[in-house]
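Please look over the sequence and the three-dimensional structure shown here. A briefing follows, grouped by topic, with the cut-offs given where each term comes in.

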Amino acid sequence: MKKHFKPTRRVYCGWKHAVSPDVFKVVTLSKGGGQQIIDVSKDTIYEVLEKQILDLYFPHGKSIAQNVKLSDLKYYLASFSGEPLPRFPNNGGFTVGKFFEHIKTYPVRKDDDDTYLPDISVLI
């Protein structure tokens with residue numbers, strides 16, 4: 001059976017905020033976070049993905065719910081486990097497709113339970 005090639009990947013995003021140097025807490029929807037879902041090209045590079053995700057949680061550079069400016073924060077994109085996303089400097093740089101090949105995950109068929117852990121989190 002031949003797999004159907006899709007040029008995009010669905011990415012589940014979340015925002016985790018540092019409550020201490022090594023402890024991050026998921027920011028809930030009621031506080032301006034929550035799980036967001038974006039469909040992006042597998043060719044999307046790190047900087048473009050970062051901008052798309054940050055625009056979800058910080059439209060115009062600010063989180064109204066948290067009353068915080070993005071320019072006042074240190075942030076990075078990470079897997080849900082908190083590991084910074086690999087940049088693949090020796091393999092032509094980061095793309096969404098390379099990231100999912102690296103972590104060896106494939107799209108999950110949707111079932112009645114719509115609870116997924118985010119693939120990528122913004123850690124602040």
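## Charged pairs, the helix and the core

Asp 55 counts as partly exposed, at 37% relative accessibility, where buried means under 20% relative accessible area, exposed over 50% and partly exposed in between, computed with a 1.4 Å probe on protein chains only. The model is predicted: local features need pLDDT of at least 70 and side-chain atom pairs count only at pLDDT 80 or more, whereas totals for chains, interfaces and linings use all residues. Residues are numbered from 1 along each chain as its sequence is written, and side-chain values use heavy atoms, with hydrogens and water left out.

**Salt bridges**

- A search of the whole structure finds 3 salt bridges, a salt bridge being a side-chain nitrogen of Lys or Arg within 4 Å of a carboxyl oxygen of Asp or Glu.
- Asp 55 forms one of them with Lys 51, with the closest N and O atoms 2.7 Å apart; both residues lie in helix H1, 4 residues apart, about one turn of the helix, and Lys 51 counts as exposed at 53% relative accessibility.
- Arg 10 forms a salt bridge with Asp 39, with 2.9 Å between the closest N and O atoms, and this pair links distant parts of the chain, Arg 10 being in strand E1 and Asp 39 in strand E3, 29 residues apart.
- Arg 87 forms a salt bridge with Glu 47, the closest N and O atoms being 3.2 Å apart; Arg 87 lies in the loop between strand E6 (76–79) and H2 and Glu 47 in helix H1, so the pair ties together parts that are 40 residues apart in sequence.

**Helix H1**

- Helices (H or I, at least four residues) and strands (E, at least two) are DSSP runs, numbered from the N terminus.
- The 12 residues of H1 (residues 46–57) should span 16 Å at 1.5 Å a residue, and the end C-alpha atoms are 17 Å apart, which agrees; the expected span is 1.5 Å times one less than the number of residues.
- Tyr 46, Leu 49, Glu 50, Ile 53, Leu 54 and Tyr 57 are the buried residues listed for H1.
- Seen down the axis of H1, the buried residues fall within an arc of 125°, so they line one face of the helix, the arc being that of the directions from the helix axis to the C-beta atoms.

**Aromatic rings**

- The structure holds 6 aromatic pairs, where rings of Phe, Tyr and Trp (its six-membered ring) pair if their centres lie within 6.5 Å, with planes under 30 degrees apart counted as stacked, over 60 as edge-to-face and the rest as tilted.
- Trp 15 and Phe 58 form a tilted pair, 4.8 Å centre to centre with 50° between the planes; Trp 15 lies in strand E1 (residues 8–20) and Phe 58 in the loop between H1 and strand E4 (62–63), so the pair ties together parts that are 43 residues apart in sequence.
- Tyr 46, Phe 88, Phe 94, Phe 99 and Phe 100 form one aromatic cluster.
- Arg 87 lies over the face of Tyr 46, at 3.6 Å from the ring centre, and Arg 9 lies over the face of Phe 100, at 3.7 Å; a charge sits over a ring if NZ of Lys or CZ of Arg is within 6 Å of the ring centre and within 35 degrees of the ring normal.

**Nonpolar core**

- The largest nonpolar core has 22 residues, and those with the most contacts inside it are Leu 49, Phe 58 and Phe 94; such a core is a set of buried Ala, Val, Leu, Ile, Met, Phe, Trp, Tyr and Cys residues joined through side-chain atoms within 4.5 Å.
- H1 gives the most to this core, with 5 residues.
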